[in-house]
Amino acid sequence: MRINGTFKYSSPATEHVRDEKTGFIQSQSTDVWSDGCECQVDKSVPAKQIIGSDGQVFAYTYDVFIPPFFNGDLCIGTRVEVKFERGGTDTFTILGIDDTNPKYIEIWG
């Protein structure tokens, strides 16, 4: 696995606040970013398209390979910000995760 970037991920926290005008309670999400680690980021332009067994088409742009020692809490729907070694950043939402390979954890979005 080659290292060409780093990532951080958000653990969405939801807090409830009372609207001052109406008095109703509303949910307000706040992103709490946690540092990830060094990783391999593969970008596909245009987005890769995979057809599922049921015929549904899935498209994703980023494929991120994370070392197996990473023990953070990654799940589908988590927001990830990748930072490339040449500068530049991008943010995406995890659409899939594979943690069955002993060599790396793979996420895509």
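This is a predicted model: local features need pLDDT of at least 70, side-chain atom pairs count only at pLDDT 80 or more; totals for chains, interfaces and linings use all residues.
1. The mean pLDDT of the protein is 85, with 92% of its residues reaching 70 or more. Confidence is lowest in strand β1 (residues 5-18), where the mean is 79, and highest in β4, where the mean is 94.

2. Strand β4 spans residues 79-84 and includes V82, a residue that counts as buried because its relative accessibility is 0%. Apart from its neighbours within four places in sequence, V82 is in contact with T6, F7, V41, Y62, V64, G88, T89, D90 and F92. The C-alpha atoms of V82 and I3 are 12 Å apart in space, although the two residues are separated by 79 residues in sequence.

3. Strand β4 runs antiparallel to strand β5 (residues 89-93), and five bridges join the two; within this pairing, E81 stands opposite T91 of β5. The hairpin that β4 and β5 form has four residues between the strands, and G87 there adopts a positive phi near 100°.

4. E81 also deserves attention for its side chain, which forms a salt bridge with K8, the closest N and O atoms being 3.8 Å apart. Because K8 lies in strand β1 and E81 in strand β4, the pair ties together parts that are 73 residues apart in sequence. Both partners count as partly exposed, K8 at 27% relative accessibility and E81 at 22%. As the cut-off for a salt bridge is 4 Å from nitrogen to oxygen, a reader may wish to keep the 3.8 Å separation of this pair in view.

5. The count of salt bridges comes to two, and another of these pairs is D42 with R2, whose side chains meet at 3.3 Å, N to O. This pair links distant parts of the chain, with D42 in strand β2 (residues 25-51) and R2 in the segment before β1, 40 residues apart. D42 counts as partly exposed at 23% relative accessibility, and R2 likewise counts as partly exposed, at 48%.

6. On the cysteines, a search of the whole structure finds zero disulfides. C37 is in no disulfide, the nearest cysteine sulfur being that of C39 at 6.5 Å, whereas the cut-off for a disulfide is 2.5 Å. C75 is in no disulfide either, and the nearest cysteine sulfur to it, that of C37, is 16 Å away. C37 is buried, with a relative accessible area of 15%, while C75 counts as partly exposed at 39% relative accessibility.

Terms used
Residues are numbered from 1 along each chain as its sequence is written. Side-chain values use heavy atoms; hydrogens and water are left out. Buried means under 20% relative accessible area, exposed over 50%, partly exposed in between (1.4 Å probe, protein chains only). Contact means heavy atoms within 4.5 Å. Two strands pair if DSSP finds at least two bridges between them. pLDDT is the predictor's confidence in each residue, from 0 to 100.
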